[in-house]
Amino acid sequence: MAIKVATDATFEAEVLHNDKPVVVDFWAAWCGPCKLVAPEMEKIAAKYEGSIDVVKVDVDANPGLSRAFNIMSIPTIAFFAPGKQPMGVVGFRPMEQLETQFSLASFPKVGDAAATEATPDSGSTAAASDAA
């Protein structure tokens, strides 16, 4: 899954009106710790593909969002779950800490849901052919 990029103009649609939870990385090109966060965001995007979106916001290019969310230090990683107040952490965190901090494991992964649904179907198909 590709990480999306949100701007002052697209943030509302990409994050606030998203029907899925969204992890947002507020970063800047000159920020050393932000470079450490990028691979962790890639891991989250891959692990939760289809169930949680990952979005990056360049704070220098999007000062309106920095003001709106009171981003004073970067990197800031924020979690937006539909219908809930956003949560955030400042500074580098490995993927495992972010998963715990934001309870990401409580959101079903799309692949897991598909596998769960496929199991009863294949079981009933086998049972039907056994009965025949």
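Read from the N terminus, the elements of the chain follow the order β-α-β-α-β-α-β-β-α-α. That comes to five helices and five strands. The model is a predicted one. The chain has 132 residues, and 36% of them are buried. Its accessible surface is about 7300 Å², with 59% of that belonging to carbon and sulfur atoms.

Start with strand S2, residues 22-27. S2 is mostly covered, with five of its six residues buried. Two strands that pair with S2 are S3 and S4. Strand S3, residues 53-58, pairs with S2 in the parallel sense over six bridges. Within that pairing, phenylalanine 26 has valine 57 of S3 as its bridge partner. The path from S2 to S3 passes through helix H2, residues 32-47, and this β-α-β crossover is right-handed.

Strand S4, residues 76-80, pairs with S2 in the antiparallel sense, over five bridges. Here valine 23 stands opposite phenylalanine 79.

Leaving aside residues up to four places away in sequence, valine 23 touches Met41, Ile44, Ile52, Asp53, Val54, Val55, Ile77, Ala78, Phe79 and Leu104. Which residues touch the most other members of the largest nonpolar core? They are Val23, Met41, Ile44, Ile77 and Leu104, out of 18 residues in that core. At least two core residues come from each of H2, S4 and helix H4 (95-102). H2 supplies the largest share, four residues.

Now turn to the aromatic rings. The structure holds seven aromatic pairs. One of them joins phenylalanine 11 and phenylalanine 80. Their ring centres lie 5.7 Å apart and their planes meet at 75°, so the pair is edge-to-face. Phenylalanine 11 belongs to helix H1 (residues 11-16) and phenylalanine 80 to strand S4. The two are 69 residues apart, and the pair links distant parts of the chain. Both phenylalanine 11 and phenylalanine 80 are buried.

A second pair to inspect is phenylalanine 26 with phenylalanine 69. This one is tilted, at 6.2 Å centre to centre and with 45° between the planes. Phenylalanine 26 sits in strand S2, while phenylalanine 69 sits in the loop between helix H3 (63-68) and S4, so the pair ties together parts that are 43 residues apart in sequence.

Are phenylalanine 26 and phenylalanine 69 buried or partly exposed? Phenylalanine 26 has 1% relative accessibility, so it counts as buried. Phenylalanine 69 has 28% relative accessibility, so it counts as partly exposed. The cut-off for buried is under 20%.

The two pairs belong together. Phe11, Phe26, Phe69 and Phe80 form one aromatic cluster.

How values were computed
Residues are numbered from 1 along each chain as its sequence is written. This is a predicted model: local features need pLDDT of at least 70, side-chain atom pairs count only at pLDDT 80 or more; totals for chains, interfaces and linings use all residues. Side-chain values use heavy atoms; hydrogens and water are left out. Buried means under 20% relative accessible area, exposed over 50%, partly exposed in between (1.4 Å probe, protein chains only). Accessible areas come from the Shrake-Rupley method with a 1.4 Å probe; for residues, only the protein chains shown count as cover. Two strands pair if DSSP finds at least two bridges between them. A crossover is right-handed if, with the strands pointing away from the viewer, the path from the first strand over the helix to the second runs clockwise. A nonpolar core is a set of buried Ala, Val, Leu, Ile, Met, Phe, Trp, Tyr and Cys residues joined through side-chain atoms within 4.5 Å. Contact means heavy atoms within 4.5 Å. Rings of Phe, Tyr and Trp (its six-membered ring) pair if their centres lie within 6.5 Å; planes under 30 degrees apart count as stacked, over 60 as edge-to-face and the rest as tilted.
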